[in-house]
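Have the sequence and the model open as we go.

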Amino acid sequence: MTSVLCESSIPSLQPPYGLGPSDDLRNNLVNQIRGSRVRISDLKGLLSHWPQEVHPKVQELEQHVEKTLEWILAKPDDELRLRKMKASKIGLFTASWWPYASFEALCALATFSAWLFAWDDEIDSFEFSSLTGDLSSAKAFREGTMHYVRDQLTAKNPENPEAVTNSRLISGFSPVGAALCKSYNNGQINKFLEELEFFIKMCEEEHRTQATGRLPTVEEYMQRRMGSSAVRLCLALSDYATGVAMPADIMSDDSMQIIWHETNIIISVMNDMLSIKKEIAQSQVDSLIPLLFLRFGSAQAALDEATHIASSSIKRLESAEKDILSRYSTATEEIQEQIRMHIKTCKLACTSNLNWSLISGRYKVQSTWTDNGMDMVL
């Protein structure tokens with residue numbers, strides 16, 4: 001299903017020339033893009049008709065996140081990293097992704113978000129991590145994470161799991177595991193583990209591709225991005241946030257699968273658009289906008305195409321929404337409400353992620369957003 005959906009979501013784009021291991025290609029691409037004056041279209045306008053909410057206890061949540069980060073990043077050489085993570089408003093991220101959750105559930109979700117952001121930086125941050133240049137150590141870290149989390153969620157005695165680790169970047173998941181074990185059934189646990197494994201696998205594939213010096217095609221990149229974005233992993237926590245176990249047949253429905261996939265496309269593409277300034281500053285080109293630049297010949301044309309991809313995904317998601325609601329129109333009111341709520345969680349993920357990205361500072365976006373979008377120099 002995923003490959004078919006990827007083909008329908010992303011235009012067939014091939015770079016105009018061969019891509020082999022070449023630092024010159026990457027450097028030339030960075031130099032061509034750097035200094036470009038561009039405008040990112042009004043992404044907020046694209047989503048203005050979708051729900052946008054923030055849990056009222058966002059400030060208390062920020063305090064919870066700070067304590068979580070202080071525990072995970074407790075080493076003396078983590079001071080700068082900790083300061084930047086605290087400034088990234090992870091509490092707001094959580095409060096707007098899952099605004100309907102109880103505060104108790106929200107604290108567990110905030111712990112998960114803080115852990116995930118810290119873990120992700122350990123894997124791919126050129127600024128803070130030594131693993132970006134060490135494939136074998138990165139592989140061991142990823143495998144250790146998967147083993148630890150799987151044991152946390154499937155151990156016969158969750159209070160005393162067999163897996164141990166000295167890394168708080170791994171064991172920081174423990175409170176999340178305890179919360180999920182109390183709330184999730186076996187099917188929900190397996191789904192979460194499936195999405196975590198997909199996330200970790202695509203992070204590894206991303207790392208290996210970068211190590212070869214080869215740039216991927218747009219199709220290769222987006223296939224990988226569907227996992228490394230961690231969107232599906234976060235969506236797998238929707239049941240925990242709502243307190244409702246969605247029926248398996250509804251979650252496997254083709255239209256619901258499309259809704260998840262298009263949610264992933266929208267968030268991933270918009271993230272890549274907003275992070276382009278930061279990535280060019282760090283001479284990184286393994287993302288959507290530089291790859292589209294190779295095809296269309298300018299940074300502005302690449303951003304315009306990315307906007308078109310996101311806009312098309314919004315339309316496909318809404319079409320799938322109409323389809324599934326129509327087919328379940330004779331179901332019980334409870335089932336219909338569960339479907340509507342789950343679709344709302346996906347839409348909230350899109351609007352909240354965009355709003356958070358514009359103010360968190362994580363992407364170094366400092367321009368003022370207007371009804372026409374945002375101007376910037378790359």
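Q: At what angle do the axes of α8 and helix α11 cross, and within what distance do they come?
A: They cross at roughly 180 degrees and come within 11 Å. Helix α11 covers residues 186-212. A helix here is a DSSP run (H or I) of at least four residues, numbered from the N terminus. The axes are lines fitted to C-alpha atoms over the stretch in contact, with angles from 0 to 180 degrees between N-to-C directions. Before we go on: this is a predicted model, where local features need pLDDT of at least 70, side-chain atom pairs count only at pLDDT 80 or more, and totals for chains, interfaces and linings use all residues. Residues are numbered from 1 along each chain as its sequence is written, and side-chain values use heavy atoms, leaving out hydrogens and water.

Q: Why are α8 and α11 called roughly antiparallel?
A: Angles over 145 degrees count as roughly antiparallel. α8 and α11 cross at roughly 180 degrees, so they are roughly antiparallel to each other.

Q: What makes the contact of α8 with α11, by class?
A: Twelve nonpolar, three polar and six charged residues. Ala, Val, Leu, Ile, Met, Phe, Trp, Tyr, Cys and Pro count as nonpolar, Asp, Glu, Lys and Arg as charged, and the others, Gly among them, as polar. Contact means heavy atoms within 4.5 Å.

Q: Which residues of α7 make the contact with α8?
A: Trp115, Trp119, Glu122 and Ile123 do, meeting Ala138, Phe141, Arg142, Thr145 and Val149 of α8.

Q: What makes a space a cavity?
A: On a 1 Å grid over the protein atoms alone, it's a set of points where a 1.4 Å probe fits but cannot get out. Searching the whole structure turns up one cavity of 30 Å³ or more, and the largest cavity holds about 30 Å³.

Q: How do you know which residues line the largest cavity?
A: A lining residue has an atom within 4 Å of a point. For the largest cavity, these are Ile266, Ile267, Met270, Asn271, Leu274, Cys350, Asn353, Leu354 and Ser357. The largest share, five residues, comes from α16.

Q: How many charged residues does the lining of the largest cavity have?
A: None: the lining divides into six nonpolar, three polar and no charged.

Notes:
Helix = DSSP H or I, 4+ residues; strand = E, 2+ residues; numbered from the N terminus. Parallel < 35°, antiparallel > 145°, perpendicular 65-115°, else oblique. 1 Å grid on protein atoms, 1.4 Å probe; cavity = no way out; pocket = protein on both sides within 12 Å on 5 of 7 lines; lining within 4 Å. Points joined across faces, edges and corners; volume = space filled by probe spheres on them.
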